[in-house]
Amino acid sequence: MQATQEAVTFGGLVLRSETLRAIHTMGWQQPTPIQAQVIPVMLEGRDLVGQAQTGSGKTGAFGIPLIERIDPQTRDLQALVLVPTRELALQVSDEVRALGRGRGIKVVTLFGGQAIERQFADLRRHPHIAVATPGRLLDHMRRSTVSLGKVRTVVLDEADRMLDMGFLPDVTLILNAVPGQRQTALFSATIPAEIRTIANRQMQNPVSVRIAAPAPTVDTVEQFYVEVAEEDKVKALRRLLQEEAIESALVFRRTKHRADRLATTLGRHHRVGVIHGGMRQGARLSALRAFVERRTPILVATNVASRGLDLPEVSHVINFDVPEDMETYIHRVGRTARMGRPGTAITLVGQHDTAMLDELRRKLGPSFKRHRLNIYAR
Ligand code: AMP
């Protein structure tokens, strides 16, 4: 039977029919810009350094060629994806697993905080791809419960965060344990010198792909500020939550204590979760799940959550505390209006934040507008 209706390419990229079907099932119609650039290079087996943010479709950019190059007939572990956090490990595994399901490709997820025995069992099922945080993978390597001798492709995802979190020595140990005849792809939002050094040492003649961060000033994000005394911010936020028809909001605070405090206060009237670096991984993950599933449509977060996590369809980003700098602002605001969806970012500017307000106004220009909310008006 001929499947005349079925797409034979993904925006011109020739892929196996099972992969095309998986892409179709995920509802992706066209490759994103990074996918259009990365997929052909990785399919050729070349090394690659990709500068791209979360939200650009980078998981698919490496996931699709990774799946295409796996031979599911063998029982070997053929590809490795290293990620900085457990949350990202789970997100990447889900996506790669969905892409590879049609060909019987098995994916194992290895991260700290989960019982290692369960992972032993998963590893005994001969996965083809491992998505892992560096510490836990090293643990398995030392126990000889994983063998990297047949790995032909390694992806380092969010390399700058792995650097920030002190994982680079572990990453280097892992790369040194993978056969030299391999493909290495590295993705990072920024490319600091240490990442450049890894690329030079561990990669061969890599192709560089750079996708400019979608500016948060694009039409799809409406950016506002509200000038309000620090002590009235809770009142302002509650009013915004009522007036703005907020479906899902990420509310950023600077410290974990402030985040906890705000979550408790708001929790008296709203369904609120909290996520910060002081929480155990299990608690972070369940907070994230509850938010994604809209059981708690408001999530109070510190900057940990402003990078790297795939939080779909956030209608509002609220900076309860002004961000420390422009880069943090952009990371936070990048949580909304992803993949072209509309979104709103609102920054609450207190009496001590005028310097930052000036900087935001200067850098963002007229697209950064004063919000009409006035909690002092009668
Ligand atoms: P990522 O940058 O990998 O975190 O992807 C961001 C979001 O975009 C995820 O929810 C993906 O499922 C989605 N996505 C990735 N590629 C495409 C595509 N080609 N078309 C539509 N959505 C996509």
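Tutor: What follows is a set of questions about labels and the values behind them.

Tutor: Ground rules: this is a predicted model, where local features need pLDDT of at least 70 and side-chain atom pairs count only at pLDDT 80 or more, while totals for chains, interfaces and linings use all residues. Residues are numbered from 1 along each chain as its sequence is written, and side-chain values use heavy atoms, with hydrogens and water left out.

Student: How do you know where domain 1 and domain 2 run?

Tutor: The bounds are taken from an automatic or database domain assignment. That assignment puts domain 1 at 2–210 and domain 2 at 216–370. Their C-alpha centres are 30 Å apart.

Student: What makes a residue count as one of those around the ligand, and which come nearest?

Tutor: The shell has 15 residues, with Gln30, Gln35, Gly55, Gly57 and Thr59 nearest. By class, the shell holds 4 nonpolar, 8 polar and 3 charged residues. In that scheme Ala, Val, Leu, Ile, Met, Phe, Trp, Tyr, Cys and Pro are nonpolar, Asp, Glu, Lys and Arg are charged, and the others, Gly among them, are polar.

Student: Why is helix 3 described as largely enclosed?

Tutor: Buried means under 20% relative accessible area, exposed means over 50%, and partly exposed is in between (1.4 Å probe, protein chains only). In helix 3 (residues 58–68), 11 of the 11 residues are buried, so the rest of the structure largely encloses this helix. Among them are Lys58, Phe62 and Glu68. "Helix" here is a DSSP run (H or I, at least four residues), and a strand is a run of E of at least two, both numbered from the N terminus.

Student: Why is Thr19 called buried, and what does Thr19 touch?

Tutor: Its relative accessible area is 0%, so Thr19 falls in the buried class. Thr19 is in helix 1 (residues 17–25). With contact meaning heavy atoms within 4.5 Å, and leaving aside neighbours within four places in sequence, Thr19 is in contact with Ile64, Ile67 and Glu68. The side chains of Thr19 and Glu68 also make a polar contact of 2.4 Å.

Student: Is Gln114 buried or exposed, and how do you know?

Tutor: Gln114 has 16% relative accessible area, so the label is buried. Gln114 lies in the loop between strand 5 (107–110) and helix 5 (116–124). Its side chain has a polar contact of 2.9 Å with that of Gln119.

Student: And why is Gln119 called buried?

Tutor: With 0% relative accessibility, Gln119 belongs in the buried class. This residue is in helix 5, and a polar contact of 2.8 Å links the side chains of Gln119 and His140.

Student: What makes His126 partly exposed?

Tutor: The value for His126 is 29%, so partly exposed is the label. His126 is in the loop between helix 5 and strand 6 (129–132), and has a positive phi of about 55 degrees although it is not a glycine.

Student: Why does Arg294 get the label partly exposed?

Tutor: Arg294 has 31% relative accessibility, so partly exposed applies. Its place is the loop between helix 12 (281–292) and strand 13 (298–301). Arg294 is not a glycine, yet has a positive phi of about 65 degrees.

Note on methods: Near = heavy atom within 4 Å. Polar contact = N/O pair within 3.5 Å; in protein donor to acceptor, adjacent residues only side chain to side chain.
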